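Please read this note with the model open beside you.

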Amino acid sequence: MLFQRFKYPVCRRLAILAASVVFCATSWAQHSHPQAADAAATAAVPAVAAAASASKTGARKPRPQLGTGVALAPDGALWMVGLNAEGQLLVQSAPQPQGAAALQWSATQVLDTAGDAISADGENRPKLLFGPHATVLIAYTQPLAKPNTGYVRMLRSVDGGKTFSAPYTVHTDRQILTHRFESLAFDAQGTLHTVWIDKRDLEAAPKVGAKSSYRGAAIYRNVSTDGGATFGPDIKVADHSCECCRIAVVQGQDGVVRALWRHVYAPNVRDHAMATLTPAAEGSTVRATYDDWRVDGCPHHGPGLAAAADGGFHAVWFGIRQQGQDPVAGVRYGRLQADGSPQPGTVRLLPDERAEHADVMAYEQRVAVVWRSIDGRISTLKAWLSTDGGQSFRVQTLGQVQGDNDFPRLVQQGPRMAVVWRNSSEVQVHEITF
């Protein structure tokens, strides 16, 4: 297993349990270097300046924005996109190492984002996607002046990432409201699907007293048939999504893109829904989880999704579910049918009560689930690995760090899987070995 350190300035969310309800609040701590539990190799790579320290007057240090997008290029190189200490958007890449060789990172490439503010905080991070014909896309949320508002912006390259366009807004609606938490994927036909959380229907709904009659937000999307150069109209996928949880999107074995998000079922149940995204129609939407977690608040904790060999899906999510006499909070794994409905008897808790912000990927019968586990000031990166399609798993500890750190991100290209875990001083990269 390759472990690669990459110095880089990350934020994290801590789960707070109160009255059987888990919410996430941001916490910022001091930095230290992680120690890998089973690293096969380490190497230094280019550093980005650390965030400015607190002034002598005791001013609070600006919180680091360490949400990072990662992807494997067609040639196997690992790419990353994120912010530096000055809030600039940058990309960096490293060719696929041979044998036990260390990753060799390129110099950082700072991108021109026309002065945009950029959200790079946990659930809402920049995204990186490779497409056909040497297309590389970077998407991010541009926060606007009004709280909790934003535009989904995109930069496009048609030369494999050597150069990028100026940023442009993806959606046609330009109201100053929420267009945030974007996710994107190509289907097997090369059509690009961009999905985001949108509050235009909440803003338009009548109010009952001081409160809106509309539950949560909505899921919107659009389609591009030219690799992100132009986009079709905004299409509403579903009313009543959760407001601040990431959306998981993935291409199924049939080549069609699915989206999985936390949904608000009447009156206040925060479970998950899946939609099948076809190029021209809304597609079908089904309920994917049945935790029946009733809470008037967003846990800031979105799901993960991976295509299964049998045409269904592997999913991971956080929720509170009644088990016997007790409500049990935790991250769960389960199998979904091709339409998104749950496969009976497949739901189980991850073997770590402190697990949070899990990710999942799969290839044939191999399934990898990774997550962050926090115990006081120590964060541990763990993996749960299966070679029989998710029927059984073994746990593996990959690394630890003190202080701020991002959620772990899985990347995949065929059978190759790796997990990228960024903290306030470096990035760990672990090749997954089954």
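The points below take the salt bridges in turn.

1. Keep in mind that this model is predicted. A search of the whole structure finds 18 salt bridges. A few of them follow.

2. Start with Asp-239 and Lys-236. Their side chains meet in a salt bridge, at 3.0 Å from N to O. Asp-239 has 28% relative accessibility and counts as partly exposed. Lys-236 is partly exposed as well, at 25%.

3. Next, look at Asp-310 and Arg-335. Their side chains form a salt bridge with an N to O distance of 2.7 Å. Asp-310 sits in the loop between β23 (304–307) and β24 (313–323), while Arg-335 belongs to strand β25 (residues 326–336), so the pair ties together parts that are 25 residues apart in sequence.

4. Arg-335 is buried, because its value is 12% and buried means under 20%.

5. Now find Lys-382 and Asp-352. Here the salt bridge spans 3.4 Å, N to O. Lys-382 is in strand β29 (residues 378–386) and Asp-352 is in the loop between β26 (348–349) and β27 (355–363), so this pair ties together parts that are 30 residues apart in sequence. Asp-352 is buried, with a relative accessible area of 11%.

Technical notes:
Residues numbered from 1 in each chain as written. Predicted model: local features only at pLDDT ≥ 70, side-chain atom pairs only at ≥ 80, totals over all residues. Heavy atoms only, no water. Salt bridge = Lys/Arg side-chain N within 4 Å of Asp/Glu carboxyl O. Buried < 20%, exposed > 50% of the residue type's maximum accessible area, 1.4 Å probe, protein only. Helix = DSSP H or I, 4+ residues; strand = E, 2+ residues; numbered from the N terminus.
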